[in-house]
Amino acid sequence: MMNSLEVALHQLQAVRRYSTDLIDSIDHADWYRMTDEGVSHIAWQVGHLAMAQYRLALRRVRGPAEGDDAFISADFLRVFGKGSTPVPQPEVYPCPDEILSVFHHVHRQVMEELPQFPVSRLSEPPEEPHRLFNTKLDSLLWCGQHEMLHAGQIGLIRRLLGADYRW
């Protein structure tokens with residue numbers, strides 16, 4: 001039987017496999033395209049997921065740590081953070097390979113650090129407050145839910161760009 005931390009990490013892994021499958025199916029040449037119907041693009045969605053996983057699964061659970069800026073910069077957090085507005089100009093953003101590197105590195109960091117996090121501390125308030133939850137466990141659970149929400153947006157953008165339905 002899994003404990004609550006193992007359940008949250010399992011959810012993060014499952015959602016990440018789904019998101020990655022969607023993201024990998026989109027040509028990098030289309031990452032900055034915004035359709036007439038849309039208000040976002042793939043580059044922003046993927047960067048936003050990296051930023052959110054860092055903030056929800058690392059910063060709010062264990063707090064900021066020395067070395068975090070080695071895998072996610074303050075500029076990356078600003079460009080893809082809450083309240084940022086996607087624009088169709090590629091020069092505003094890192095290239096797709098850099099965005100993917102941060103996306104994967106943050107996830108590896110979460111999966112490396114959090115299995116050792118004390119389960120007894122998951123009922124504590126998050127290191128930074130959030131209006132949607134009150135505990136570190138809830139931050140981890142929301143992280144997976146948030147990623148699935150954006151996976152849906154990625155899937156919709158993908159279809160609006162002309163891709164066939166895959167699932």
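The largest share of the lining of the largest pocket comes from α2, which gives 7 residues. Helices here are DSSP runs of H or I with at least four residues, and strands are E runs of at least two, numbered from the N terminus. The model is predicted: local features need pLDDT of at least 70 and side-chain atom pairs count only at pLDDT 80 or more, while totals for chains, interfaces and linings use all residues. Residues are numbered from 1 along each chain as its sequence is written, and side-chain values use heavy atoms, with hydrogens and water left out.

A pocket is an open set of points, on a 1 Å grid over the protein atoms alone, where a 1.4 Å probe fits, with protein on both sides within 12 Å along at least five of seven lines; lining residues have an atom within 4 Å of a point.

Which residues lie nearest the centre of the largest pocket? They are His48, Lys82, His130, Trp142 and His146, from a lining of 17 residues. Two or more lining residues come from each of α2 (42-62) and α5 (136-160). The volume of this pocket is about 350 Å³, counted as the space filled by probe spheres set on the points, which are joined across faces, edges and corners.

The second largest pocket has a volume of about 190 Å³. Its lining includes Glu37, Trp44, Pro86 and His150. Here α5 gives the most, with 5 residues.
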